[in-house]
Amino acid sequence: MAEVVSVLSRKGGVGKTVTAMYTAALLKQMGRDVAVLDKDPEGSAGAWARAAGNLPFPVYPEGKSAQALRHAWVVVDTPPNDPRALGDAARIAARVIVVAKCNALEADRLIPTLDALAASGFAGPWGILLTQARGGLGREMQFALEEEELPVLGVIPHFVKYERAFGTLPEDLSDYQGVLAGVLA
């Protein structure tokens, strides 16, 4: 049975695909048999894999879920604005990463994602990964969420390297390794 890590957010552009690909690369670096399941109809993870040409892990479209689930670990990249798809991804997951971009608008957009997660009945380990943080905003959002007793995995800073990572094998995994080590253990 595959160990499934679902990457969720109701909002697009927050870094779900980047997080899914970096998570898969991190698992591969840890010696795990891993695949990515691209449930986003836009096929961002699949496009990333095609542009990269030769990733050390396969990326499957949603129609090939059964093949993806033959791997020991599966990272699920989900579509935005589809609470049903998020619920489905959470129900097959052993672990969930909720991605939120660091800005005031995104804080409000986090609520529908958390509602979809709660409605799914998911009861495993999960946490919020704050992405694209500039200045001290990441720490401020982390503090505010923790004040609400929400689990925060950590903060990924805004770096051009993440914007330019599309179509490449993620190599500098240090930021993601630091924040995801606990959820992937």
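Which residues form a negative surface patch?

1. In this predicted model, the negative surface patch consists of Glu146, Glu147, Glu148 and Glu149. Glutamate 148 sits in the loop that runs between helix H6 (137-147) and strand E7 (152-157), and it counts as exposed because its relative accessibility is 61%.

2. Helix H4 (residues 83-91) has Ala85, Leu86, Gly87, Ala89 and Ala90 as its buried residues, and the elements that cover them include strand E1 (3-8), strand E4 (73-77), strand E5 (95-101) and helix H5 (104-120).

3. Within H5, the buried residues are Glu106, Leu110, Thr113, Leu114, Ala116, Leu117 and Ser120, and their cover includes E1, H4, E5, strand E6 (126-133) and H6. Glycine 121, which follows H5, has a positive phi near 85 degrees.

4. The whole structure holds 5 salt bridges, and one of them joins the side chains of glutamate 3 and arginine 95, with an N to O distance of 2.7 Å. Because glutamate 3 belongs to strand E1 and arginine 95 to strand E5, this pair ties together parts that are 92 residues apart in sequence. Arginine 95 counts as buried, at 12% relative accessibility, whereas glutamate 3 is partly exposed at 24%.

5. A salt bridge also forms between arginine 91 and aspartate 88, whose closest N and O atoms are 2.8 Å apart; both residues lie in helix H4, 3 residues apart, which is about one turn of the helix. Arginine 91 is partly exposed at 49% relative accessibility, and aspartate 88 is partly exposed at 32%.

6. Lysine 161 and aspartate 175 form a salt bridge with their closest N and O atoms 3.7 Å apart, and Lys161, Asp172 and Asp175 are linked in a network of salt bridges.

Terms used. Residues numbered from 1 in each chain as written. Predicted model: local features only at pLDDT ≥ 70, side-chain atom pairs only at ≥ 80, totals over all residues. Heavy atoms only, no water. Patch = residues over 30% accessible without salt bridge, like charges linked within 9 Å, V, L, I, M, F, W, Y side chains within 5 Å. Areas by Shrake-Rupley, 256 points an atom, 1.4 Å probe, with all protein chains shown as cover. Salt bridge = Lys/Arg side-chain N within 4 Å of Asp/Glu carboxyl O. Lys, Arg positive; Asp, Glu negative; His and termini not counted. Charge placed at Lys NZ, Arg CZ, Asp CG, Glu CD. Helix = DSSP H or I, 4+ residues; strand = E, 2+ residues; numbered from the N terminus. Buried < 20%, exposed > 50% of the residue type's maximum accessible area, 1.4 Å probe, protein only. Contact = heavy atoms within 4.5 Å.
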